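Please have a look at the sequence and the structure first.

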Amino acid sequence: MIYENYKGKLLISSPEISDGVFDKSIILICEHNANGAMGFILNKPLIDVSLEQIWTNIGYKKKNHT
């Protein structure tokens, strides 16, 4: 089995994908391993979502600097 890691690469949706969140999307892959992949859509605005909410939803915890 050939395994290519897409971390750090851009994915550009194909013209055949014309529905949903991936329609005309450019995605930066931030993590890609045997457990799956995670990325950010670069060319669409976030609406009513903060970056802190995103990090919380993917399991990152805010560090206390005291």
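This is a predicted model: local features need pLDDT of at least 70, side-chain atom pairs count only at pLDDT 80 or more; totals for chains, interfaces and linings use all residues.

Searching the whole structure turns up 1 aromatic pair, where rings of Phe, Tyr and Trp (its six-membered ring) pair if their centres lie within 6.5 Å, and planes under 30 degrees apart count as stacked, over 60 as edge-to-face and the rest as tilted. The partners are Phe40 and Trp55, and because their ring centres are 5.8 Å apart and their planes stand at 75°, the pair is edge-to-face. Phe40 belongs to strand E3 (residues 36–41) and Trp55 to helix H1 (residues 51–57), so the pair ties together parts that are 15 residues apart in sequence; helices (H or I, at least four residues) and strands (E, at least two) are DSSP runs, numbered from the N terminus. Phe40 is partly exposed at 24% relative accessible area, and Trp55 is partly exposed at 33%, given that buried means under 20% relative accessible area, exposed over 50%, and partly exposed in between (1.4 Å probe, protein chains only).

Residues are numbered from 1 along each chain as its sequence is written, and side-chain values use heavy atoms, with hydrogens and water left out.

Turning to charged side chains, how many salt bridges does a search of the whole structure find? There are 2, a salt bridge being a side-chain nitrogen of Lys or Arg within 4 Å of a carboxyl oxygen of Asp or Glu. One joins Lys9 to Glu4, with 3.4 Å between the closest N and O atoms; Lys9 is partly exposed at 38%, and Glu4 is likewise partly exposed, at 41%. The other joins Glu31 to Lys7, whose closest N and O atoms are 3.6 Å apart. This second pair links distant parts of the chain, with Glu31 in strand E2 and Lys7 in the segment before E1, 24 residues apart.

Finally, the backbone: most residues other than glycine have a negative phi. Lys24, however, which is not a glycine, has a positive phi of about 55°, and it lies in the loop between strand E1 (10–12) and strand E2 (26–33), where Lys24 is exposed at 64%. Asp48 also has a positive phi, near 60°; Asp48 sits in the loop between E3 and H1 and is exposed, with a relative accessible area of 75%.
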